[in-house]
Amino acid sequence: MRHPPRLTALLGGTVLTLVSAVSAAAGAGSGTAAPPGCSVAYSTVNQWDGGFQASVVVTNNGAPASSWSLGFDFTGGQHLTQGWGATWSQSGTKVTAANESWNGSLGTGESVTLGLLASWSGGNPAPTDFALNGLACNGGSTPTPTTTPTPTPTDTPTGTPTGPPTAGAPELSVSGNRLTDPSDTTRRLLGVNRSGGEFMCVQGHGIFDGPVDDAAVQAIADWRANTVRIPLNEECWLGLDNILPEYRGAAYVDAVKALVARVLAHGMTPVVELHWTYGQYTGPSAGCSDVHASCQKPMPDARYTPAFWTSVANTFKDDRRVVFDLFNEPYPDRATATTEQAWACWRDGGTCPGIGYEVAGMQDLVDAVRATSSRNVVLVPGIAYSNDLSGWLAHAPSDPAGELAAAWHVYNFNSCASETCWTSTLAPVAARVPLVAGEIGENTCGHAFVDRVMKWSDDRGLSYLGWTWNAWDCSSGPALISGYDGTPTAFGIGLRDHLRALNGR
């Protein structure tokens, strides 16, 4: 779902460019030590059993250069698996990050944050010796490793509830066309979206829009919701330089993990979802001309999205109560000439007609998740902003874990917004795999349309989540609440009362 106009102002900064080290200051006498040409801060952003995500911030202290190469050694047997912001390679213990074509020109006094994913076993010592263009850097490492994530921690983090978690958020699996718990009881995902994590960080305003403390999450539970969908931004999670330092990397990851923990502690299922991504698209229905993750793009990008899902899956793979939603609203159909081209792009990615960046297809993302050994349920959306699932069964990605569900979105202004369309295009999918309406809503400030969606879904035992639990003006977009204490808008009353009727009050 696109956001109210007040949320579209972008952070007025530009990407900082990585800079290089050079030789000693001009005029230094013989025997005078050359000043270090660069400084490096290395930190572990996120760590799990067998893998980790690291940030490498390099600052140039010397003269400009036209190209650069950063080198260091992994001394604990670590092995590089993915990286961004540079062309990465590893030979033995030696790791090298060379500039990309677009950031090879290096100025004095500038910095950039590179990122990497790597495996480890036994120990994960941080590198301490770095060299840029062959010259040693000072500074070195400032490791801040995190332990394997525990979504309901024994040591309660600030702002999370005390005491044992409320029963109600089971481990989930796919059984035929049902979502089931370990006792094979059917579970429906019924709840809300908690928007903010996809746009606040890239706009330079924070991490979430409004409070996400214990009281705010309790207010969602008071509606008798059992699920909260949490939209995310890949550049913020991966810690790219266009995001302010306080809202990226470890700060962002820790905030998301804390919100997931609070949702679980209140007995609700968290759905972590990738909403905004990198890649410049200016074709039909473009949300922005920005290359960065500042609006909805037609498809995920091959540069960063697989790394995002590798990191997210590793973070939550030990807790199957957490559900993964691969990508918010694909719309390759707006860029391609035919629907078949759109579905092929959707599944296989690569070079897609009308899209100027390399695309990561749904199969690429499923593969990235499963390569971590995660068996979490994965939601795979359709095309046409997730409103069209007509080709979903014929083009569905392969999942070795057998844990895929279909996701769709429906608003009163969508093409497929009638019971006739739902029955003809969605019911066949729902007969084969679990079907989750990740977003339902209307732009009328009323609830007559979502009442119809909920009835059609209830009659078939399907799942749905209202957009959105944010205190916005419902006349500028579907907003369920006018206050984070759970005060509903005229639109939100329909969902609140229906959830309470279904789940008891």
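## Helix 4

Helix 4 (residues 305–316) has 12 residues, which at 1.5 Å a residue should span 16 Å; its end C-alpha atoms are 17 Å apart, which agrees. The expected span is 1.5 Å times one less than the number of residues. Helices (H or I, at least four residues) and strands (E, at least two) are DSSP runs, numbered from the N terminus.

This is a predicted model, in which local features need pLDDT of at least 70 and side-chain atom pairs count only at pLDDT 80 or more, while totals for chains, interfaces and linings use all residues. Residues are numbered from 1 along each chain as its sequence is written, and side-chain values use heavy atoms, with hydrogens and water left out.

## Packing of helix 4 on helix 6

The axes of helix 4 and helix 6 (residues 362–370) come within 8 Å and cross at roughly 35°. Axes are lines fitted to C-alpha atoms, for helices over the stretch in contact, with angles from 0 to 180 degrees between N-to-C directions.

T305, P306, W309, T310 and A313 of helix 4 meet L365, A368 and V369 of helix 6, where contact means heavy atoms within 4.5 Å. By class, this contact has 6 nonpolar, 2 polar and no charged residues (nonpolar: Ala, Val, Leu, Ile, Met, Phe, Trp, Tyr, Cys and Pro; charged: Asp, Glu, Lys and Arg; polar: the others, Gly among them).

## Aromatic pairs

The structure holds 21 aromatic pairs (ring centres of Phe, Tyr and Trp, its six-membered ring, within 6.5 Å; planes under 30 degrees apart are stacked, over 60 edge-to-face, the rest tilted). F72 and F130 form a tilted pair, 5.2 Å centre to centre with 55° between the planes. F72 lies in strand 3 (residues 69–73) and F130 in strand 8 (residues 130–132), so the pair ties together parts 58 residues apart in sequence. Both F72 and F130 are buried.

W343 and W346 pair edge-to-face, at 4.9 Å centre to centre and 80° between the planes. Both lie in helix 5 (residues 339–348), 3 residues apart, about one turn of the helix.

## Backbone exceptions

Most residues other than glycine have a negative phi, and most peptide bonds are trans. The peptide bond from W467 to T468 is cis, with omega near 0°. Phi of S285 is near 70°, and Y385 has a positive phi of about 60°. Y385 is buried, with a relative accessible area of 14%.

Definitions and conventions. Buried means under 20% relative accessible area, exposed over 50%, partly exposed in between (1.4 Å probe, protein chains only).
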